[in-house]
Every structure is written in C-alpha cells, then in structure tokens.
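Please keep the structure in view while reading.

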Amino acid sequence: MKFKKALITGITGQDGSYLAEFLLKKKYIVHGIKRKSSSFNTSRIDHIYANKSFKNKFFLHYGDLLDPNSLTDLISKIKPDEVYNLAAQSHVGVSFQLPNYTSQVNSIGTLNLLHAIYDCRLASKTKFYQASTSELYGEIQESRQSEKTSFYPKSPYATSKLFAYWITKNYRESYKMFASNGILFNHESPRRGETFVTRKITMGISKIIHGLEKCLYLGNIYSLRDWGHARDYVEMCWKVLQYNKPDDFVIATEKQYSVKFFVEQCFKYLGIKIKWSGTGLKEYGKIINCNFEKYSSLKKNMVVIKISNKYFRPNEVNNLIGNASKAKKLLKWKPKTNIHQLIKEMMDTDLEYTRKLKLK
Ligand code: NAP
Ligand code: GDD
C-alpha cells in the first residue's frame, strides 16, 4: 500500500503538532520542518517522536522559510503529496515590534515555499495549504466575516498574511496548482503559546492559585474573538485539501466572546467569584468568594487582574466573528468543542503543570 506523504512547516507550533498527530492517525508519512534553535523547540511533538508506532512514519528536518535552498532541497527529496504551510511569526502584538522580520517570514517565506514546489516541477502533483487568518478582516467590513468579506488588515502580521493569501491564489491561477487558503479564526488549546491571551489567562490564573504569581496583567479585555479548539481546526486544514478543487474556506465557530468573559469563565470553572471595578487602565478584578481552604493562596478582596498599557496594540482588531457556512456545507464541518470545554481542558492542564512547577 502506498502511503500519502505530507510536509508540514511550523510543525513545532500549536497547529503543527495537532496536524502531525491527525495525519499520522490517517496513515500519512509526515515530514516536518523545524528551525535551528539554540535551545530545544520540539516539546509539542516530542511525544510523537517517542511513539514507537510512528517509527519510520515521522521525520523532522532542519529548514527555514527564509532559506529557499533548504525548501527546494527538502521538497525535491520528499516529493510530498500535500504541503501545509503553518510556519509564521504568528504573534500580532510582536509584529508591531518586528514588522520587517514578520513580513519576510510570513510573505516572502510563503512565496519561497510555493516557488520551491514549482521549481521542483511538482506544481501538478503537490497540494498546498496556506494558513490564512481572520486577522485579514481587521477593521471589519461586514458583521460576520465570510470568504466574500473585504479585507482590511490592521497590523504588520495581517498585512504580511494578505500577501501570502494572494500569492497562494496567484500560484493556483498561474500554474494550476492545487493551492488553497484556510481562513481560520482564533483557535486555542493547552498547546497554545503562552503569550497569546487565552493561554496567558489559564496559565496566569493557575500560577495565582498555586501562589507562584499574585496578579495577571492584561490589555484590551473588551476585545471580541471567535475562539475554537486547534484540534478541531487542523482537521479542517486537511479537509480543505481533500475538497474536489482548490478553494478558500473560512473556519470559525460562529460564536463570539470577550477576553473579559474568558477570564470570568476560567474563574467560574474553578468555583471562584470575581468582581470587576474601575474603568480603563484602572479597571481591576478581585476575588469575592471561593473555597479559601482549598485555595490557600487566595484571600478575599485580593486583586488578581489588572490592566497594563504594555499589552495594548498600536492598532487593535476589536471584533471578529466568522460565517463558516461554506465550510459547513461543502466540507461537511461543524466545530466539536465549545468555549466551556476549551476552558476546562486548558485550565486542567495548566493547573497540573503549575502544581508540578511549584514542587520543583
Ligand atoms: P505558532 O504556535 O506560533 O507556530 C508557528 C510555527 O512557525 C512554529 O513551529 C515556529 O517555529 C515556526 N516558524 C516561525 N518562523 C519560521 C521560519 N522562519 N521558518 C520555519 N518555521 C518557522 O502558531 P500556530 O498557532 O500553530 O499557528 C499556525 C499557523 O496558523 C500560523 O501561520 C498562524 O499565523 C496561522 N493562524 C493561526 C491562528 C490561531 O488562532 N492559532 C489563526 C489563524 C491563522 P519555532 O517553534 O521554532 O518558533
Ligand atoms: N496576547 C495578548 N496578551 N492579547 C491580549 C492581552 C494580553 O495580555 N490582553 C488583551 N488581549 C487582546 C488582544 O489585544 C487581542 O485583541 C485579543 O486579546 C486576542 O489576542 P491574541 O490571543 O494575541 O490573538 P490575536 O487575535 O491577536 O491573534 C491570534 O489569532 C489570529 C486569528 O485571528 C494569532 O494566533 C494569530 O496568529 C492569528 O492569525
């Protein structure tokens, strides 16, 4: 039996790790590109490497989106059936501090990868998935954003992803490549990077519970997002490439919550009641009630959330909510995990992680 071969860029990231697991379960041979780093950067995929049943099915290679030679070399050797381009400088806030680097990696990096497939004369064989983003909608032009909504990017990150979106379509049209965009709304998990807001919250609260921190500092808590689970969304990346033609798809839960709601629900899940007071930069959240015997680090009226200027962006995307009816209809998709299940999974994992951290 001939197994399909997939090449994943960004395999060491949140989505890369879930996608690798998903494809291996589907009997793919999975190749991943990892960057050279001065410290270990494979913690999200080490368990896959250690799994004996994936021996000779899972391979890691050094490479970088900014090193076209490495891409051409790998693609010519692997000859993948499917390439998933998940690699990016993916932090919107950081992109304001690293606009040039973010643009190089996210825009030119995507071009490098597409062109490597073309150069290796694989344009008619290899399918290409581009990790596009709801950040493209930025200053929203329609109350629910679909594939037909105009883009209005508001950060160097979003602008760089706009180039990547269009160059993907361009290679589809010019060279008849099966090149598709998944326009994914925010998706989270216990493997989310710790500086993205949901994970920052679940990790921050866990540290407060275990007495490792006193207070969590956040930026714009009134920002609204459509949050799904990364595990559900990587299935969609795969489905996008199994569709009968290359196309672009919005993937979203179609439900929207604020950062403030996310914080409240995390505390609520733990049986802790908080109360908000103040406004603007002086807004704060304090503990009103909980089982103080169980949570010995907490005290009544303890201020656990504060607002810091540091976490506001020069240009904010305030409001995103997707319209995923195309994917629901054509790819037969519906999200499996709701916000409460997501919070439970993230809180349980981070509480256990910080409990062990405290024992060290
Ligand atoms: P992530 O956790 O930040 O992972 C990014 C990955 O890209 C990491 O493996 C990183 O390697 C790698 N990378 C960065 N620069 C690279 C370069 N120059 N060459 C090769 N690899 C490089 O991101 P994620 O949340 O999994 O997201 C995956 C993709 O989906 C990204 O393109 C992101 O922009 C996009 N996206 C994400 C969301 C979301 O809500 N998560 C929504 C829409 C779109 P290191 O581990 O070495 O840093
Ligand atoms: N990171 C962070 N840290 N964000 C905060 C904070 C904070 O302390 N306080 C409030 N926020 C707000 C941000 O201003 C933003 O409006 C919202 O919380 C979500 O921020 P992030 O979790 O950093 O995600 P993002 O929406 O900016 O970007 C993520 O989703 C995009 C899809 O829409 C990233 O994964 C992008 O790569 C992805 O394309």
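**The ligand and a helix pair**

In this predicted model, a backbone N or O atom of Gln14 lies 3.0 Å from an oxygen atom of ligand 1. Side chains also approach ligand oxygens. In Thr12, a polar side-chain atom is found 2.6 Å from an oxygen atom of ligand 1. For Lys161, the separation between a side-chain N or O atom and an oxygen atom of the ligand is 2.8 Å. The protein covers 89% of the 900 Å² of accessible area that ligand 1 has on its own.

The surroundings of the ligand can now be described as a whole. Ligand 1 is surrounded by 24 residues, of which Thr12, Arg35, Asp64, Ser90 and Tyr157 are the closest. Sorted by class, this shell consists of 9 nonpolar, 10 polar and 5 charged residues. Three elements, α1 (14-25), β5 (127-133) and α6 (156-175), each give two or more residues to the shell. The largest share, 3 residues, belongs to β5.

The crossing of α1 past α8 is right-handed. On the α1 side, the contact involves Gln14, Asp15, Tyr18, Leu19, Phe22 and Leu23; on the α8 side, Ala230, Arg231, Val234, Glu235 and Trp238 take part. By class, this contact comprises 7 nonpolar, 1 polar and 3 charged residues.

Conventions:
Residues are numbered from 1 along each chain as its sequence is written. Chains are lettered from A and ligands numbered from 1 in the order in which they are written. This is a predicted model: local features need pLDDT of at least 70, side-chain atom pairs count only at pLDDT 80 or more; totals for chains, interfaces and linings use all residues. Side-chain values use heavy atoms; hydrogens and water are left out. A residue is near a molecule or strand if one of its heavy atoms lies within 4 Å of it. A polar contact is a pair of N or O atoms within 3.5 Å; within protein, one must be able to donate a hydrogen and the other to accept it, and residues adjacent in sequence count only if both atoms are side-chain atoms. Accessible areas come from the Shrake-Rupley method with a 1.4 Å probe; for residues, only the protein chains shown count as cover. Helices (H or I, at least four residues) and strands (E, at least two) are DSSP runs, numbered from the N terminus. Ala, Val, Leu, Ile, Met, Phe, Trp, Tyr, Cys and Pro count as nonpolar, Asp, Glu, Lys and Arg as charged, and the others, Gly among them, as polar. A crossing is left-handed if the near helix is turned anticlockwise from the far one by less than a right angle, and right-handed if clockwise. Contact means heavy atoms within 4.5 Å.
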